[in-house]
Amino acid sequence: MAEYEHILVKRDGDTVTITMNRAARRNSLSADHLAELLAAFREAGETDATGIVLAGAGPVFSAGHDFGDVAARDLVSVRELLRLCTDLMGTMQSVPQVVVARVHGLATAAGCQLVASCDLAVAAESAGFALPGGKGGWFCHTPAVPVARSIGRKRLMELALTGDVVDAATALDWGLVNRVVPDVSLDEAVASLLARATRGSRASKALGKQTLYAQLDRPEADAYALALEVMAAASQLPGAREGMAAFLEKRSPVWPD
């Protein structure tokens, strides 16, 4: 794994952990920080790892965009910054690995966007989530995109318009995270969920993740048309063949990938 200034990257078995490491800046997302995250996800995506954990060092998961960076930019440059951020969110969803957010402390604005863009999220009881632009001067337009697709319209409106922090229990009820656990159990819960989410054929899982995101926002008939063709083609993959053979032969599968 490459060396970075603003993040830490560690491979442990089948899992790559990417840790935002700007604790003094509350893991705020400057252009350099975003570029490193994007590079790390692309690099991890090219490996044979099955899972990626996104974490934050220090007391805060991420406070969102670094205003010190944004305030110095003109319109064209801010647009480039937001495109970089959007590229990161898309890459997190396009890599073949299962991506889990490990959330502690606050995840606000683009930090909340990171959580919503991960495939899965586990939060400590101490975690909080907000789109604070609603009570400030720069509304959270882009962070609201994946958050809306996680929690629905009315809850999005409350989060975005009030700018208030919602606690971990509320985030769980709203569908922004998958689990809420005591702070001391956070790493264990992340590892447990990731282990269950990465079972089976790697190639099958990668194609499954890609297709899920492709069909989510389509009309039902279009979603079925896409899913049908992909599922038919996937039946011919070595992993699918092995899984069916193992079932019919009443034995444990030996995955080819």
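Which residues are linked with Arg-22 in a network of salt bridges? Arg-25 and Asp-66 are linked with Arg-22 in that network, a salt bridge being a side-chain nitrogen of Lys or Arg within 4 Å of a carboxyl oxygen of Asp or Glu. The model is predicted, so that local features need pLDDT of at least 70 and side-chain atom pairs count only at pLDDT 80 or more, while totals for chains, interfaces and linings use all residues. Residues are numbered from 1 along each chain as its sequence is written, and side-chain values use heavy atoms, with hydrogens and water left out.

**Two domains**

- The protein chain is divided into domain 1 (7-198) and domain 2 (202-249), with bounds that come from an automatic or database domain assignment.
- The centres of the two domains, taken over C-alpha atoms, are 27 Å apart.

**The interface between the domains**

- Six residues of domain 2 are in contact with 17 residues of domain 1, where contact means heavy atoms within 4.5 Å.
- About 760 Å² is buried between domain 1 and domain 2, and carbon and sulfur atoms give 42% of this area; buried area is the accessible area (1.4 Å probe) that two parts lose on being put together, summed over both.
- Three salt bridges are found across this interface.

**Salt bridges**

- By this rule the count comes to 11 salt bridges.
- Arg-102 forms a salt bridge with Asp-187, and their closest N and O atoms are 2.5 Å apart.
- Arg-102 lies in strand S4 and Asp-187 in helix H8 (residues 186-197), so the pair ties together parts that are 85 residues apart in sequence; helices (H or I, at least four residues) and strands (E, at least two) are DSSP runs, numbered from the N terminus.
- Lys-209 forms a salt bridge with Asp-119, with 2.8 Å between the closest N and O atoms.
- Lys-209 is buried, at 8% relative accessible area, where buried means under 20%, exposed over 50% and partly exposed in between (1.4 Å probe, protein chains only).
- Arg-251 and Glu-249 also meet through their side chains in a salt bridge (2.6 Å, N to O).
- Arg-251 is partly exposed, with a relative accessible area of 33%, whereas Glu-249 counts as exposed at 51%.

- Thr-211 is found in helix H9 (residues 202-215) and counts as buried at 12% relative accessibility.
- Leaving aside neighbours within four places in sequence, Thr-211 is in contact with Leu-226, Ala-227 and Val-230.
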